[in-house]
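Subject: Structure handover

Hello,

Please find the structure below, with my notes after it. Have it open while you read.

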There are 2 protein chains.
Amino acid sequence: MTKLSTEPYKGVRDFYPEDMAIQKHIFEVWQKVAESYGYEEYSASILEPAEMYSAKTNEEHASEQTYTFTDRGERQVTLRPEMTPTVARMIAGKKRDLAFPVRWYSIPNVFRYERPQRGRLREHWQLNADIFGSEAVTADVEVISMAYDIMRAFGAQPGDFIVRLNSRKIWNTLTEQLALSAEQEHALARLIDKKAKITALEYTDEEETILGDKTKLFRADMEMLAKDAVPERLIGSDGVKELAQIRALLTNAGIPVVYDPTLMRGFTYYTGPVFEIFDTDPKNPRALFGGGRYDRLLELFSSDKIPAVGFGMGDVTIRDFLETHNLLPEQTSTTDLMLCLVDEKGRDEAPELARHLRAGGVRVAVYEGTKKLGDQISVASKKSIPFIVCIGEKEVAEGSYVLKELATGNEMTLDMAGITAFFRTR
Amino acid sequence: MTKLSTEPYKGVRDFYPEDMAIQKHIFEVWQKVAESYGYEEYSASILEPAEMYSAKTNEEHASEQTYTFTDRGERQVTLRPEMTPTVARMIAGKKRDLAFPVRWYSIPNVFRYERPQRGRLREHWQLNADIFGSEAVTADVEVISMAYDIMRAFGAQPGDFIVRLNSRKIWNTLTEQLALSAEQEHALARLIDKKAKITALEYTDEEETILGDKTKLFRADMEMLAKDAVPERLIGSDGVKELAQIRALLTNAGIPVVYDPTLMRGFTYYTGPVFEIFDTDPKNPRALFGGGRYDRLLELFSSDKIPAVGFGMGDVTIRDFLETHNLLPEQTSTTDLMLCLVDEKGRDEAPELARHLRAGGVRVAVYEGTKKLGDQISVASKKSIPFIVCIGEKEVAEGSYVLKELATGNEMTLDMAGITAFFRTR
């Protein structure tokens, strides 16, 4: 018979226990920091009505990049490409019952239909943390602080990464003041977004094509902004004032930030400050993740205005970062102890001993199979189970067991209560 | 502008924080008990090649019941309807590297395209726990024991549920001895599976239609089995011997089991003992979940024989059980403390205090907004945050804070270290 392939579907990952351990570590750090800021966990299905990702929500996703199919009831269904529309839907759906501001986090998997490449799989998991119902800059500062604390909680040093900051309001004011058409503004934003991927000449050529006789004005203002000076056109504008406040608050909190007027972040729904965490590694400088304010997205679902700010942080990128910076945790087994079977009496009694140890909180695997004792111990070792107890007629009769640590060879002779006490204090 | 619906896609659930708390409780109990048995966690994508669910694997899923679609690369993709084929694929894929027997668990979401009804949504989560590489009855006993321990860990009393047991080997031997054709055997199994849903008359009529002149023999044997006696045809058969051993071992371990010769369990891949956990509630007696041995499924992927036994346990059914039996945990906040803002000084200093408290392990939300103090406290209360500290000029100057428990009104005056110490020992 022809065998089926053991490969997963293209562009997605299998998580064998050693990969799962890393994944769980990442999720645990996310959860811990998010909860330390008072964020509550929520979740939802990966299936969403396709209309949620239509052009008016987000042109990036409305295109070829989503998994969308027609269900048997002729409904268009999408595997969510991101969590923000879902959380916006949920918040809008219970706005009458929620005590605003609401702080929520989730760790959803999201899907993109694209060619698999490093760090951009078709499915990845993503921390999403958002605060709803506050227009104040303190909310922006809070989510950026949380992003910073997460990096630190993973073990990253302050020099390993920086926070880059910009504001869509500054951008909007600038392009309005220059009287750019919506098409010009849009084309320009896209051009800036891809700046790193094209040559300087290609960039300036296209800039001129878009802007025509406004090229010079635009360039002058952007150059000033890049030097952290405020062009006349923008003095006293909301965006500039807001960003100055945010920078002051972050600096006070000991969080280094860099203003970058070319920072765009893909999503069209951003309305105010946007930020990204940027890996400063000279060998691979790049954006790790980011977020921003999206005060109007909830209007898709609700006639009430519900301002919002938050960020998303992907598991693939962060895992890559942790590997590069040697910050992955050591692999440890989630099993404390294996019971190895010396003889038939040991085999008969092991499940009972295991039951008692489990009741005492010890995580116990009983050797299962017919191998000789030495080979049983090899199995424990190969599974990285740190301790073994060999159980046979003698141990059963005496109620006394030799607890052996495989890494060191250290042995302790203990009764059952002694074993549970040992693992409880460990 | 027309607003988008805030309803989730039909047949799936949103998990608002209060639902998520219950979900997390269920997952934590699953993880804890599975790890107490030495099972390692794995995971995989929900996307699988559709061919994995073709008729030869499982006729239940090959039909109308899966979400299957064609991707943009013309590949047929299925949202996994169950985890067992996936784990079989993964085990087969790394069989050379794994130290058998392998004990694995996962908590995947799985999808079925069916009419939504109580306890049968289109998406649910499911604990899957399996042991690979052992043909011994001790492996069957282990997974049944784990299923039993999970029910107990949820707080179910021994009388609340029973373990029902049967063996596909007994069934196979019986139908072979009666020289039933594959079609007859199959039709009969399906008939027995739906026995509870049809009238006794419908049942006997269809039984006769299928069996013809063998009806009497079959009925006599099934009646003997129902009385826990062994029909002559089956004396000394493997299935009977094996099941007697399993029953003896479970009884020794204090786990009550009932033999039920009509227990089938849906999946066609089962090859040996099958079991289910049955809710004995007289108002709603029903199977909660189950599992069994499937020694041949891995042959789909591998020419090596890799025997396997395990079970799956769904979140919807168990949540329903916990609700019915009043076993849901009390809702508690994952936030320890809210800082309420008395004045501008308090507003300025709260983030700094929060930062220090978080570093000490306290989960702190800072009030965000412009409400008056009394309304800030109502927000904390509405979010079930158990403690508050009101911070203003006085508190900042003195470095002394009043920690108030909202439920009791109790107050303690503490410095920052005192607050962290309080929550550390709590």
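Confidence first. This is a predicted model. Chain A has a mean pLDDT of 93. In that chain, 96% of the residues reach 70 or more. For the model as a whole, ipTM is 0.94 and pTM is 0.95.

**How the chains are arranged**

Now the contact between the chains. Chain A puts in 65 residues, and chain B puts in 65 residues. On the chain B side, 33 of the residues are nonpolar, 19 are charged and 13 are polar. Of the interface residues of chain B, 100% are also interface residues in chain A, so the copies meet through the same surface.

Strand pairing also crosses between the chains. Strand β3 of chain A (residues 43–44) is joined to strand β1 of chain B (residues 14–15) by two bridges. These strands run antiparallel. Look at Ser43(A): its bridge partner in β1(B) is Phe15(B).

**A helix pair in chain A**

Take helix α1 (residues 17–36) and helix α10 (residues 315–324) of chain A next. They pack at an angle of about 105°, and their axes are 11 Å apart. α1(A) and α10(A) are therefore roughly perpendicular to each other. By class, their contact has three nonpolar, two charged and one polar residue. From α1(A) come Ile22(A), Gln23(A) and Ile26(A). They meet Asp315(A), Ile318(A) and Arg319(A) in α10(A).

**The five-strand sheet**

Chain A has an open sheet of five strands. The order is β16-β15-β17-β18-β19, and the pairing is mixed. Which strands are at the edges? They are β16 (364–366) and β19 (411–414) of chain A, each of which pairs on one side only. Neighbouring strands in this sheet are turned by 25° against each other on average, direction ignored.

Here is the sheet, pair by pair:

- β15(A) (residues 337–341) and β16(A) run parallel, joined by three bridges. Leu337(A) stands opposite Val364(A) in β16(A).
- β17(A) (residues 387–391) and β18(A) (residues 401–405) pair in the antiparallel sense, over three bridges. Ile388(A) stands opposite Lys404(A) in β18(A).
- β18(A) and β19(A) run antiparallel, joined by four bridges. Tyr401(A) stands opposite Leu414(A) in β19(A).

β18(A) and β19(A) also form a hairpin, with five residues between them. In its turn, Gly409(A) has a positive phi of about 80°.

**Another hairpin**

Go to strands β5 (residues 67–70) and β6 (residues 76–79) of chain A. Four bridges join β5(A) to β6(A), and the strands run antiparallel. Thr68(A) stands opposite Thr78(A) in β6(A). The two strands form a hairpin with five residues between them.

**Backbone details to check**

Ser384(A) is not a glycine, yet its phi is positive, at about 60°. Look for Ser384(A) in the loop between α12 (373–382) and β17 of chain A.

There are cis peptide bonds too. In chain A, the bond from Phe100(A) to Pro101(A) is cis, with omega near -5°. Pro101(A) is in the loop between α3 (84–93) and β7 (102–106) of chain A. In chain B, the bond from Phe100(B) to Pro101(B) is cis, with omega near -5°. Pro101(B) is in the loop between α3 (84–93) and β7 (102–106) of chain B.

**Where to look**

Go on to Ser43(A) and its bridge partner Phe15(B). Then turn to α1(A) and α10(A), which pack at about 105°. Follow the open sheet in the order β16-β15-β17-β18-β19 of chain A. Finish at the cis bond from Phe100(A) to Pro101(A).

Best wishes

Definitions and conventions: Residues numbered from 1 in each chain as written. Chains lettered and ligands numbered in written order. Predicted model: local features only at pLDDT ≥ 70, side-chain atom pairs only at ≥ 80, totals over all residues. Contact = placed C-beta atoms within 7 Å. Nonpolar A, V, L, I, M, F, W, Y, C, P; charged D, E, K, R; others polar. Pairing = 2+ DSSP bridges. pLDDT = per-residue confidence, 0-100. Axes fitted to C-alpha atoms, helices over the stretch in contact; angles between N-to-C directions. Parallel < 35°, antiparallel > 145°, perpendicular 65-115°, else oblique.
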